[in-house]
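This report considers how the chains of one assembly are arranged and how they meet. The sequence and structure are shown first.

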Amino acid sequence: MSRRARLALFGIAACGLAALLLWSITGLPKFGDYHGAYGKILDKAAPRERQTSNVVAAVVFDYRGFDTMGEELILFAAVMGVAMLLREPREEEAPVPEDPVRSDALRAFGVSFAGATLVLGLWIVAHGYVTPGGGFQGGVILAAAFLLVWLAGSYRSYRRLTPVPIVELGEGTGAGGYVVIGLCALLIGDAFLQNLLPYGVAGKLSSGGSIPLLNWASGLEVTAAFVLLFNEFLSERAVLIDPTRRPS
Amino acid sequence: MDVLVPLPVAIPLLSAAALTAFGFWCGRRLDDLVAIVATAATLAVSLLLVFRSSDHELVYWFGGWRPRNGFALGISFVVDPGTAAIATLVATLGLAALIFSWRYFDEVGTLFPVLMLVFVGAMCGFALAGDLFNLFVWFELMSVVAYALTGYGVQHAGPLEGAVNFAVTNSVGSFCILFGIGFLYARTGALNLDQIGAALAGRRADGLVIVAFTLLVGGFMTKAGAVPFHFWLSDAYAVAPVPVCILLAGVMSDLGLHAIGRIYWTVFSDTLSAGDIRPVVVGFGLVTAIVGGLMCFLQRDLKRMLAFATISNIGAVLVGIGLLTRSGLAGSIVFLNTNGLLRSAAFVAIGILVRRFKSGDELDLRGQGRRAPIAGVVFAAAGLALALLPPFGPFLANALVVDSADTLGYGWVPPLLALAAVLSAGTILRAAARIFGGLGEAKDPLFSHEPEESQAEPADSRRVSQLLLWIPAAALAVVGLGLAFIPELAGHALRDAGRLLDRSAHAREVLDGVAPPPTPTPSYSPSATAYAYGAASTLGALAFAGFGLYRRRLPIVLRRAAARVADRPVAGLKALHSGVVGDYVAWLTAGVALLGGLVAVMVR
Amino acid sequence: MSYLPFVLAAWIFLVGIFGIVRSRHFIHLVVSLSLTQSSTYVLLLSIGYVKHGGAPIFKDVPLGTKAVDPVVQALTLTDIVVSVTVAALLLAVAIEAKKHAKTMNPDELRPVRG
């Protein structure tokens with residue numbers, strides 16, 4: 001199809017689709033006037049039954065924890081997929097990107113920031129079921145701490161900090177750990193992913209039963225996943241910016 | 001709750017994670033072995049579930065969150081023999097693919113077995129899920145893996161294009177699904193399929209319900225590859241490595257249709273009447289079956305040819321589901337399983353040819369296949385069975401669909417389905433005769449030529465035992481053909497379909513745990529009409545194969561006349577499959593708008 | 001105001017698809033796709049919004065305080081992860097396109113085929 005024909009087809013189709021969407025929107029409850037049962041029931045039940053003050057975390061890691069297992073695996077699979085797509089032909093050594101930072105002051109400041117980011121990330125993961133946060137959110141921050149080492153420091157120290165077999169171990173343990181926690185419940189005769197631990201007192205770190213375990217498993221998985229993604233994309237950077245480095 | 005239910009998902013996913021964690025310290029052979037054993041275990045568990053669920057649905061609540069006062073708090077798997085059979089099919093194809101790819105993907109280390117395991121687990125989850133959003137999660141998981149596996153040979157233009165078209169169109173399809181989920185959640189405050197169905201039941205469908213139905217069906221049709229959502233499919237399946245094609249063409253497409261059937265019956269059947277929806281879905285299915293068959297005929301690249309045969313088959317399954325009857329649904333279950341096995345067997349045969357002769361082109365391979373007789377037998381057997389030859393599975397499935405169409409007064413549907421089978425199976429038989437029999441001509445300008453670089457199979461540097469290639473091909477073909485000889489297969493399919501059709505009984509079983517009394521298995525034997533269609537389409541396919549081989553020996557007058565009529569539509573049809581992702585997304589939008597418009601007109 | 005957020009979601013959805021349809025650059029394509037996906041966040045979150053409702057986190061507030069729907073928030077979290085992963089995969093493909101196919105225009109990747 002020519003571009004004009006394509007845009008004409010899309011124009012007509014989009015009008016139809018827009019009409020359909022508007023038609024359905026008139027059937028929605030008014031904005032701010034939602035009375036669905038599911039959320040209401042969980043808002044009441046979760047803090048009492050699970051001793052979690054953060055109901056979203058209870059939904060993510062308990063009531064609908066099985067979705068989250070799939071979600072974790074989506075990230076896992078994407079990282080494996082990216083690694084496969086960006087694989088280097090065997091005989092070629094991955095090129096080393098140059099370090100952009102030359103100033104010592106910036107370097108010292110940046111690297112000390114990495115430590116603070118690391119602590120922040122751990123804190124967000126740890127308190128995910130008490131206050132806003134959780135394994136996914138905290139994991140990204142943790143990975144960013146490693147990235148800071150490269151951004152403000154050097155590529156070499158970044159790579160030394162994140163040896164691929166160890167990061168892959170973390171990636172696999174995080175994703176597999178979630179499944180193993182599910183299977184443990186199965187082994188003692190409960191349902192898959194059923195709670196294993198005492199619930200504790202809401203608002204404390206030792207609350208929520210299995211939720212902290214699952215939370216840490218996903219935190220580990222997300223951190224490792226993003227570090228692996230950074231690895232893959234960073235080693236491409238050198239090739240893309242300076243194509244002479246690549247023997248063709 | 002049955003302890004086996006979570007295992008078809010848990011086993012492959014855990015194995016994938018373990019391989020990643022410890023892959024660095026294990027040898028490559030051990031990785032492959034672990035993947036094969038895990039898939040075999042998944043196969044065994046799924047097969048057990050088929051038998052365990054034969055009397056009543058196995059409802060499994062993850063996290064132990066059983067419904068409270070009839071309200072689902074957690075996520076459920078709902079296993080019946082049909083869904084467990086799909087999980088079994090997934091594991092069978094996964095096993096065949098892993099055996100076939102033994103030492104095939106050494107270049108990428110553990111990544112290939114890991115991705116295949118995740119793929120198997122995700123598809124099992126999708127088949128069993130009883131929760132709308134959980135369905136979406138597995139949908140995305142299998143999609144993400146499939147995008148990556150399709151792009152295996154991404155250094156070449158073909159796989160690059162195939163992966164992009166696949167990922168972009170399917171992502172847009174998944175957004176449609178999410179919009180549909182959002183609309184339904186807004187209306188009903190529930191995500192469990194049966195719960196949503198119970199909330200919608202008995203009320204006249206308004207715009208929101210109609211559009212939600214449209215978006216969900218449109219999204220799943222994109223995954224299935226129904227016309228006009230199908231364009232990505234031929235681009236992707238033509239370029240994915242053969243072991244990946246086994247899973248893509250063998251079962252992933254059909255899963256989209258499975259979801260449509262499940263969602264209609266559990267969610268919409270008491271608010272959108274079957275009479276309103278039927279003509280629309282059957283129409284989409286028939287167009288898909290015919291267009292897929294025509295495009296199949298025009299191909300010389302074998303993988304692309306089978307990709308279009310897949311589309312044609314998908315159309316037939318969609319017709320079965322779209323009839324919205326017990327018999328039609330039963331037919332689609334049988335279709336889905338046997339066609340999937342047979343298409344995969346044909347894909348393995350192509351894989352053998354590609355590995356042996358470094359080509360997957362029908363004309364280039366003319367006569368060469370004589371040196372790979374087993375591949376030839378498998379390929380031809382698959383072609384014959386797909387041509388609805390009695391008494392094999394596709395014939396049996398077609399017989400069920402024919403019965404249903406006749407009682408509904410849709411007598412015009414079976415001839416068109418037979419025509420689609422003639423077109424697609426006839427083309428497979430044509431390729432079999434040319435490659436393995438050396439028949440037909442060596443050149444034919446009508447067939448689309450694929451550029452060399454579109455082939456992205458891994459370089460096969462090592463010699464592996466030929467047995468590892470033949471066993472999967474022969475096993476898939478034998479199982480695919482043999483399924484028809486399971487006593488009362490059609491009867492079981494009918495009984496299984498009947499359980500899904502009674503929405504309120506299904507909802508009571510899932511949400512309240514009240515199992516309906518077991519129903520006896522009806523006995524079924526195909527009607528004389530069905531045999532007539534089977535015989536006609538088999539003979540038609542053979543004749544059509546002959547036409548494809550010796551087209552250019554027809555009298556010149558006939559050929560001129562045919563060229564005058566057919567040349568422009570053929571060129572137009574080819575040009576529509578442009579390989580440009582923008583076009584495909586425009587078609588997808590048009591397809592959703594058309595589907596919604598038709599449903600709206602029918603319902604209102 | 002009462003339907004505006006939903007209309008906005010539909011608008012973002014259509015504009016995002018328009019971007020995909022007319023895209024001439026892979027990066028633009030990926031961003032358009034992510035934009036389209038963000039319409040689903042807007043839709044899900046505005047569905048679950050409750051007027052004057054707080055976050056569904058009952059720390060320092062008594063149980064039973066009016067709160068927005070927690071389920072759509074969990075769904076959106078999954079949605080975001082999906083968006084990130086698809087973007088990562090497509091960007092990886094874009095890098096390969098730049099390296100091997102030497103074009104970033106999806107229209108030019110391959111001429112008409114049959």
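What pLDDT does chain C average?

## Confidence of the model

Chain C averages a pLDDT of 89, and 95% of its residues score at least 70. The structure is a predicted model, with an ipTM of 0.95 and a pTM of 0.95. Where pLDDT is low, the predicted coordinates should not be read in detail.

## Chain A

The secondary structure of chain A consists of nine helices and zero strands. Read from the N terminus, its elements follow the order α-α-α-α-α-α-α-α-α.

The radius of gyration of chain A is 23 Å, whereas the globule rule gives 18 Å for 248 residues; the value is well over that figure, so chain A is more spread out than a compact globule. Along the principal axes, the C-alpha trace of chain A spans about 60 × 60 × 40 Å.

## Interface between chains A and B

Chain A contributes 57 residues to its contact with chain B, and chain B contributes 64. On the side of chain A, at least two residues each come from helix H1 (3-25), helix H2 (37-50), helix H3 (55-63), helix H4 (65-85) and helix H8 (164-187). H4(A) provides the largest share of this side, with 14 residues. By class, the side of chain A that touches chain B has 34 nonpolar, 13 polar and ten charged residues.

## Packing of H1(A) against H22(B)

Two packed helices are described by the angle between their axes and the distance between the axes. For H1(A) and H22(B), the angle is about 35° and the axes are 8 Å apart. The crossing of H1(A) and H22(B) is left-handed.

From H1(A), the contact is made by A:Arg6, A:Leu9, A:Phe10, A:Ala13, A:Ala14, A:Gly16, A:Leu17 and A:Leu20. From H22(B), it is made by B:Gly582, B:Asp583, B:Ala586, B:Thr589, B:Ala590, B:Val592, B:Ala593, B:Gly596 and B:Gly597. By class, the contact of H1(A) with H22(B) comprises ten nonpolar, five polar and two charged residues.

## Domains of chain B

Chain B is divided into domain 1 (1-131) and domain 2 (132-151 + 158-449 + 463-515 + 524-603). The C-alpha centres of domain 1 of chain B and domain 2 of chain B lie 23 Å apart. Their contact takes 39 residues from domain 1 of chain B and 47 residues from domain 2 of chain B.

Strand S2 (76-79), helix H3 (81-100) and helix H4 (111-128) of chain B each supply at least two residues of the side of domain 1 that touches domain 2. The largest share of that side, 13 residues, belongs to H3(B). The side of domain 1 of chain B that touches domain 2 of chain B has 26 nonpolar, nine polar and four charged residues.

## Interface between chains B and C

Chain B places 37 residues in contact with 34 residues of chain C. Helix H5 (132-150), helix H6 (157-188), helix H21 (556-576) and helix H22 (581-603) of chain B each supply at least two residues of the side that touches chain C. H6(B) gives the largest share of this side, 15 residues. By class, the side of chain B that touches chain C divides into 24 nonpolar, ten polar and three charged residues.

Definitions and conventions
Residues are numbered from 1 along each chain as its sequence is written. Chains are lettered from A and ligands numbered from 1 in the order in which they are written. This is a predicted model: local features need pLDDT of at least 70, side-chain atom pairs count only at pLDDT 80 or more; totals for chains, interfaces and linings use all residues. Two residues are in contact if their C-beta atoms, placed from the backbone, lie within 7 Å. Helices (H or I, at least four residues) and strands (E, at least two) are DSSP runs, numbered from the N terminus. Ala, Val, Leu, Ile, Met, Phe, Trp, Tyr, Cys and Pro count as nonpolar, Asp, Glu, Lys and Arg as charged, and the others, Gly among them, as polar. Domain bounds come from an automatic or database domain assignment. pLDDT is the predictor's confidence in each residue, from 0 to 100. Axes are lines fitted to C-alpha atoms, for helices over the stretch in contact, and angles run from 0 to 180 degrees between N-to-C directions. A crossing is left-handed if the near helix is turned anticlockwise from the far one by less than a right angle, and right-handed if clockwise. The radius of gyration is taken over C-alpha atoms; the globule rule is 2.2 Å times the number of residues to the power 0.38.
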